[in-house]
Structure formats: structure tokens, C-alpha cells
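Q: Please take a close look at the aromatic rings in this structure and follow them into the parts around them. Which residues and elements does that lead to?

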Amino acid sequence: MTHSSHRQPTVRDAIAPESTANVPQPSQTEDDALQLAYAIAAAADERKAGNITILQVGDVSYLADYFVVATGFSAVQVRAITRSIEAALETDHNRRPLRVEGQGEGSWIVMDYGEVIAHIFMPEARDYYDLEAFWGHANQIVYQSSSQHFSPSQV
């Protein structure tokens, strides 16, 4: 987890600013955390997770820099998404979760990677806990399913 000053991605950044001389650049650690969040989202997408969202919570919480929230539509799918994330991050990023909670029941699994925390929910649990509303003041980056495009949007 980083405690550096965070910069929220904006649509202007995605378009490529004309000059970066006066534009603050994200720190390397922040870039690494965001790339880790993207990798988690992509691994979840490989197992057909629904409604994948990245919440940039570093400015509003000390828990992590990013949350990745995804929906699995059965306990089996939730566990498959979890295994996909673990395998992809271990293989591609040499990272293992610091802890994983909820595997027994399978309706909500939390995977803590330090600067990024993944939440894989069954639909009812996701609706009940509604992390996007709870962290509504955080910047949301909506993952576009089956592609590598992320769309920043202020909430």
C-alpha cells in the first residue's frame, strides 16, 4: 500500500495531454498498483466475471490504493475467478495474496494484495454490500469486458 500523493486518472489523461511539463505524473508505485488492479480485472474477465469495476480508494482510505469489484454468478464461478486471479498474478507479477477470506462459503471472496484488494461477489452479496455506493466518493474505472480498455469516470 502506498501513501504517496495520488492523482486520479481523467479522460484528459487518456487522450494524451499536449504538454506534460506542468502535469503531475503518477508515481511508479501508483502505476504499479493500477497495473496490478488491471491484471486482476483481466483475470476475472477471463472467467466471465460480470460488472468489473476498479475503485481508486487510495485518496479516501488507508486500506489500499485500489479495490477491484467483480460478480460471479455461482459459488463455483466465484471460486474459479479467485483461482484465475491467483494464477495470473503469481505467473505474470510474481505476487501471491497476503490473505484470502471467504473461500468456504463462496458468496464473497476477498483477496488482499496489499495495494490492491479484490472483491468477488455473488449478485445478492454485491447488491447487499454495494461497495460502489459505500465508496461513492472514490474514482471509478469501469472495466470493458473482453477487451483491454478501461474507461475512467468521475462519480
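A: Tyr128 has a relative accessibility of 67%, so it counts as exposed. The model is predicted: local features need pLDDT of at least 70 and side-chain atom pairs count only at pLDDT 80 or more, while totals for chains, interfaces and linings use all residues. Residues are numbered from 1 along each chain as its sequence is written, and side-chain values use heavy atoms, with hydrogens and water left out.

Tyr129 has a relative accessibility of 40% and therefore counts as partly exposed. Tyr128 and Tyr129 form an edge-to-face aromatic pair, with 90° between the planes and 4.9 Å from centre to centre. A pair of aromatic rings is described by the distance of the centres and the angle of the planes. Rings of Phe, Tyr and Trp (its six-membered ring) pair if their centres lie within 6.5 Å; planes under 30 degrees apart are stacked, over 60 edge-to-face, and the rest tilted.

There are 6 aromatic pairs in the structure. In one of them, the ring centres of Trp108 and Tyr129 are 4.4 Å apart and the planes stand at 45°, so this pair is tilted. Because Trp108 is in strand β4 (residues 108-112) and Tyr129 in helix α4 (residues 123-129), the pair ties together parts 21 residues apart in sequence. Helices (H or I, at least four residues) and strands (E, at least two) are DSSP runs, numbered from the N terminus. Trp108, at 24% relative accessibility, counts as partly exposed. Ring pairs link Trp108, Phe121, Tyr128 and Tyr129 into a cluster.

The next step is the strand that holds Trp108. Two strands pair if DSSP finds at least two bridges between them. β4 pairs with strand β3 (residues 99-101) in the antiparallel sense, over 3 bridges. Glu101 has Val110 as its bridge partner in β4. The β3-β4 hairpin has 6 residues between the strands, and in this hairpin Gly102 takes a positive phi near 95°.

β4 also pairs with strand β5 (residues 116-121), again antiparallel, over 5 bridges. Here the bridge partner of Ile109 in β5 is Ile120. With 3 residues between its strands, the hairpin of β4 and β5 includes Gly114, which takes a positive phi near 85°. Gly114 sits in the loop between β4 and β5 and is buried, with a relative accessible area of 13%. Its C-alpha is 6.3 Å from that of Ala64, although Gly114 and Ala64 are 50 residues apart in sequence.

Charged side chains also join these parts. A salt bridge is a side-chain nitrogen of Lys or Arg within 4 Å of a carboxyl oxygen of Asp or Glu, and the count comes to 4 salt bridges. One of them joins Asp112 and Arg99, whose closest N and O atoms are 3.2 Å apart. Asp112 is buried at 12% relative accessible area, whereas Arg99 is partly exposed at 47%. Another salt bridge joins Arg126 and Glu132, at 2.3 Å from N to O; both Arg126 and Glu132 are buried.

A nonpolar core is a set of buried Ala, Val, Leu, Ile, Met, Phe, Trp, Tyr and Cys residues joined through side-chain atoms within 4.5 Å. The largest nonpolar core has 31 residues, and Ile85 and Val116 are among those with the most contacts inside it. The elements that give two or more residues to this core are α2 (28-46), β1 (50-56), β2 (66-71), α3 (75-93), β4, β5 and β6 (139-143). α2 gives the most, with 11 residues. Another core, of 11 residues, lies apart from the largest one and includes Leu55, Ala125, Trp135 and Ala138. Contact means heavy atoms within 4.5 Å. Leaving aside neighbours within four places in sequence, Ile85 is in contact with Ile40, Ala43, Ala44, Met111, Tyr113 and Ile120. One of these, Ile120, is the bridge partner of Ile109.

Definitions and conventions
Buried < 20%, exposed > 50% of the residue type's maximum accessible area, 1.4 Å probe, protein only.
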